[in-house]
Amino acid sequence: MLRLPALFTVPGDALAGAAAAGVRPGPRTLLAIGSSLSLYAAGMALNDWADRAEDALERPHRPIPSGRVRPAVALTAAGALTGTGLALAAAAGRPALAVATPLAATVWAYDLGLKHTPAGPAAMAAARGLDLLLGAAATAGGTRGGTWSGTRGGTWSGTRGGTRSGTRTGARTGTRTGAWGGTRAALPSAALLGSHTLAVTTVSRRETTGGSVAAPLAALAATGALARLAGHRRTRLPAGRRAAAAPGLPGPGPAGNPPRPGDLLAVALAAAYAATAARPCFHAALNPSPQLTQRAVGAGIRATVPLQAALAARSGATTTSLLVAALAPAGRMFARRAGMRKVSIT
């Protein structure tokens, strides 16, 4: 019922969120991963409960229609896993809980009502984006309110000879980053990951009937655009250099710097993402049969991992990106050993 191979796509959300927030993963990141896994599993159990009548006709092999799991057990498991996910988020801090709560609400709203409406793919995309922000909020929340960096300067001038007069001028500027600052910094990565999920979910709506050429073509175009964006290294400038980097002002810019290993890694991972997702979408567009549509959906889900890794590398977290990338072969190995080659969103 939980479709365990799909769970390997979940930890990368929190790790990519931590990387986008500019904070090293720590114990709070592990709590965010536990929360994400619990909420994702809750969504799968609730999905099977909500679709039990439809699955009896279209997917009789699933646990509830086949009689292996009772509907009440699936609903109870969904509630318990949701509670566990929220509890783990609360342990990671109030900012993490503030993100996990709408994430849980989105999961339940999708399974119970939005799934079969035009808003379904957008709801799924929002859930995946919120999951990345959960990792950012939880990890950045461990910085004790944030870090401060800035400059302070002043000058003194005066005359001596019985009298002393002078003026002192000073300025202090800086940026404060913490849980909320880290979450805001992770918004672009969340948008990219959510866009991928939107494309895959749109394709998945025809995985039992087939017949859609537009959805795989749109997903193929989205894959190309996202690969290009994910392979482009984000540049963080010190606070004092942001004004100098504005268009029309002199000063060194990122365009003049030679490529770094992290830049090349982001490009390689973005290429791996495109290679995983693009070909099955192309085949499904040529022949939109249920079988090829299902393959495109499965490939899109597997491509989530290299995309997460590319986003982490894009943020400059090389070690984190390699850790996320390692989840892809681990997931494939588990799926082969368990005999669970089919992975689905719906």
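Helices here are DSSP runs of H or I with at least four residues, numbered from the N terminus, and D131 sits in one of them, helix α7 (residues 120-140). This is a predicted model, in which local features need pLDDT of at least 70 and side-chain atom pairs count only at pLDDT 80 or more, while totals for chains, interfaces and linings use all residues. Residues are numbered from 1 along each chain as its sequence is written, and side-chain values use heavy atoms, with hydrogens and water left out.

**Salt bridges**
- Seven salt bridges are counted, each being a side-chain nitrogen of Lys or Arg within 4 Å of a carboxyl oxygen of Asp or Glu.
- D13 and R128 pair at 2.7 Å, N to O, and this bridge links helix α1 (residues 11-21) with helix α7 across 115 residues.
- Both D13 and R128 are buried, that is, under 20% relative accessible area with a 1.4 Å probe and protein chains only.
- R59 and D55 form a salt bridge of 2.9 Å, N to O, and both R59 and D55 are buried.
- Shared partners join D48, E54, D55, R59, R62 and E207 into one network of salt bridges.

**D131**
- D131 is buried but has no salt bridge, and the nearest side chain of opposite charge, R128, is 4.7 Å away, where Lys and Arg count as positive, Asp and Glu as negative, and His and the chain ends are not counted.
- Beyond neighbours within four places in sequence, D131 is in contact with V10, D13, A14, S36 and L103, contact meaning heavy atoms within 4.5 Å.

**T183**
- T183, in helix α8 (residues 179-185), counts as buried because its relative accessibility is 10%.

Terms used: Helix = DSSP H or I, 4+ residues; strand = E, 2+ residues; numbered from the N terminus. Buried < 20%, exposed > 50% of the residue type's maximum accessible area, 1.4 Å probe, protein only.
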